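Work through the exercises below with the sequence and the structure in view. Each task is followed by a solution in steps.

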Amino acid sequence: MEIIKTAADWQAAYAGNGWHVALLAAALVYIVLQKEKEPHRRLIAGFAGLFTAVYFCPVTAGIVMKCVGSNVYWRMMWVLPVPLIISYAAVRICSNGKSAGKRICTGVLLAALICLTGKNVYFQGSPYEKAVNFQKVPSTPAAICEIVRMNLSEGEEARLAAPEDIVGYVRQYDAGIKQTYGRRGRERHAWRGIRRRINAQLRGEQVNYDELVSKLRKSGSNFIVLGPAAGTREAMAKRGFESVGEAGAYTVYKDMQ
């Protein structure tokens, strides 16, 4: 029951406040009720039914969650081609019109229905924002990368420790900035525990600055990104890490020793 509840919660979160899931259900009902024995109709209906069974079955869902983690089980929803199914049903409905005028009117009405049941990504309050750089990453990680690059000495390499919501964007914006994670290489067994300690400090509510700085130096990290906690700037400066710039709510520190 816990696995089924987790799957249902992620499905509800995926649906959000939009009506695309209702449109999907209506499209599937229409496809199933069609009398024509088309291979596309059987394929779509069969795939949707199989996906639903696999997604909510506690056995298969439990296996997937164990493999990828329950916190990203919502990505299973990507397997279901929602736009394709809705589009297929809409095209079938339009093609049933006996005249070109009826087909055009039906198509316009269906397009309006899709628009009205969703949210325009360009409206205010949208979760999307206009790209501010070529790499299409948010401005804060981009600014962090620029701060790191500006504070590198000649011939010096950058290795950055940063919170989890920053590391992916840093990799995308500037792959030349090394970070405290990785899966391959001869060093991975030697300093896997060091990386874990660094990440644990970055995620924790209270930072042990002595341990953090010690692990940073053992990992070869000369930069770190920290949030605006009280006393952080003074504590890091006392241990040889000075503030070299700010971006959003974060401060970038460099090891001056």
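**Exercise 1.** Which residue in E5 does Ile-224 stand opposite?

*Solution.* The model is predicted: local features need pLDDT of at least 70, side-chain atom pairs count only at pLDDT 80 or more, and totals for chains, interfaces and linings use all residues. Residues are numbered from 1 along each chain as its sequence is written, and side-chain values use heavy atoms, with hydrogens and water left out.
Step 1: find strand E5, residues 250-255; strands (E, at least two residues) are DSSP runs, numbered from the N terminus.
Step 2: E3 and E5 run antiparallel and are joined by four bridges.
Step 3: the residue of E5 opposite Ile-224 is Tyr-253.

**Exercise 2.** Describe how E1 pairs with E3.

*Solution.* Step 1: two strands pair if DSSP finds at least two bridges between them.
Step 1: strand E1, residues 159-161, has two bridges to E3, in the parallel sense.

**Exercise 3.** Are the residues on the two faces of strand E3 buried or exposed?

*Solution.* Step 1: buried means under 20% relative accessible area, exposed over 50%, and partly exposed in between (1.4 Å probe, protein chains only).
Step 1: on one side of E3 (residues 223-226), Phe-223 and Val-225 are buried.
Step 2: for the protein as a whole, buried residues make up 33% of the 257 residues.
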